[in-house]
Amino acid sequence: MEKTISKEKTPSKLNAQKISSLAPIIGLVLVVVVFTILTQGQILQKQILMNMVKDGIVTALAAIGAVFVFGAGYFDMSMGGCVCFATVVGAMAGIATGSMTVIILVVFGISLVFGFLKGLFASFVNVPFFIFTIVLGSVMSSMVITILGTKSIIKLSDAKTELPKLDGQTTYPMLCLICLIVFFLVCVYLFKLNSLGSKVKNLGGNKIAAKQSGINSTAVTIAVFMLSSVGLGLASILTMLRTRTVGTGTAGSLGNDIMVALVLGGMPLSGGPKSKISAGLIGAATITFLNYGLQQMQMTAGTIQMVRGIVFIVVVFISSFSYRGKLLPR
């Protein structure tokens with residue numbers, strides 16, 4: 001009789017998988033250790049850490065929502081532009097009315113409309129989606145410039161009625177933390193304990209096979225973009241409350257930060273079964289610490305962008321070997 005070949009995973013494969021799953025955390029620890037040494041501990045000063053927490057939570061909210069989009073196999077490069085547009089229009093509405101409620105409704109309304117439109121485009125238009133989002137992001141930035149006219153920024157302090165301020169050392173960080181915890185738990189439930197998560201992974205793995213298995217790809221696609229829009233809306237509100245000024249430069253680097261964060265968090269940009277919601281959280285912490293570390297070393301903006309680009313390419317190149325041969329034809 002022929003010997004049956006065991007399909008059970010060997011210890012070496014199991015160990016490799018464990019190391020791979022821990023790689024994002026190891027990377028975060030290495031970034032912290034390296035920049036703590038290079039900055040001689042200056043990066044661990046209380047005020048710098050508080051600023052990192054505030055920026056990191058904003059990036060995390062956007063990145064956690066983006067996990068659903070990238071997990072479904074869509075490459076969205078318009079997120080920064082959409083945040084900028086929603087924030088500027090929301091701020092203008094708030095200044096005109098003096099109402100924080102109006103700001104929240106306008107920002108989330110615009111974010112959700114864009115999410116719905118992107119979902120429809122991805123479902124029904126046979127054009128590479130990332131090209132559409134590049135154009136959309138550019139259009140949003142141009143619209144902001146047109147709306148602001150001769151102004152480069154607008155201030156919430158110019159509101160008809162004074163808008164509430166989050167004064168104190170703990171009020172704003174606590175609001176950020178509450179938003180992050182609630183949104184993260186909701187996303188964990190939807191991604192791990194709800195059927196939406198498995199549908200997203202199947203869609204990202206192979207859209208044709210997902211449709212043949214009975215998955216309503218249109219409904220799932222619209223849902224993932226709407227969820228991402230909620231994260232972008234929260235990021236917009238918190239950004240506005242912190243800076244109290246918005247303009248053409250608002251969320252200028254957010255789109256790139258989200259993509260780099262997802263890669264550093266262990267998320268394959270091709271999406272599929274290896275997608276994980278923790279990538280948004282871990283990656284946001286890593287990219288935030290990386291950004292602040294480079295700033296503390298007094299590097300120029302151009303040098304910082306170059307280093308970030310190199311890190312992004314290296315991580316994508318290394319991680320691609322773990323799933324390149326496992327993808328099904330699409």
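In the predicted model, helix H3 (residues 79-97) comprises 19 residues and extends 27 Å from its first C-alpha to its last, close to the 27 Å expected at 1.5 Å a residue. Of the 19 residues of H3, 15 are buried, so this helix is largely enclosed by the rest of the structure. Glycine 98 follows H3 and has a positive phi, near 70°.

Helix packing was examined for H2 (residues 46-71) and H6 (residues 171-193), whose axes come within 10 Å and cross at roughly 20°. Because angles under 35 degrees count as roughly parallel, H2 and H6 are assigned to that class. The crossing of the two helices is left-handed. On the H2 side, the contact is formed by Met50, Lys54, Ile57, Val58, Ala60, Leu61, Ile64, Gly65, Val67 and Phe68. H6 contributes Tyr172, Pro173, Cys176, Leu177, Cys179, Leu180, Phe183, Phe184, Cys187, Leu190 and Phe191. By residue class, the contact of H2 with H6 consists of 19 nonpolar residues, 1 polar and 1 charged.

A further site concerns glycine 283, which is located in helix H11 (residues 278-296). The relative accessibility of glycine 283 is 0%, and the residue therefore counts as buried. Between glycine 283 and leucine 262 the C-alpha to C-alpha distance is 5.4 Å, although the two are 21 residues apart in sequence. When residues up to four places away in sequence are not counted, glycine 283 touches Ala261, Leu264 and Gly265.

Notes. Residues numbered from 1 in each chain as written. Predicted model: local features only at pLDDT ≥ 70, side-chain atom pairs only at ≥ 80, totals over all residues. Heavy atoms only, no water. Axes fitted to C-alpha atoms, helices over the stretch in contact; angles between N-to-C directions. Helix = DSSP H or I, 4+ residues; strand = E, 2+ residues; numbered from the N terminus. Parallel < 35°, antiparallel > 145°, perpendicular 65-115°, else oblique. Left-handed = near helix turned anticlockwise from the far one by under 90°. Contact = heavy atoms within 4.5 Å. Nonpolar A, V, L, I, M, F, W, Y, C, P; charged D, E, K, R; others polar. Expected span 1.5 Å × (residues − 1). Buried < 20%, exposed > 50% of the residue type's maximum accessible area, 1.4 Å probe, protein only.
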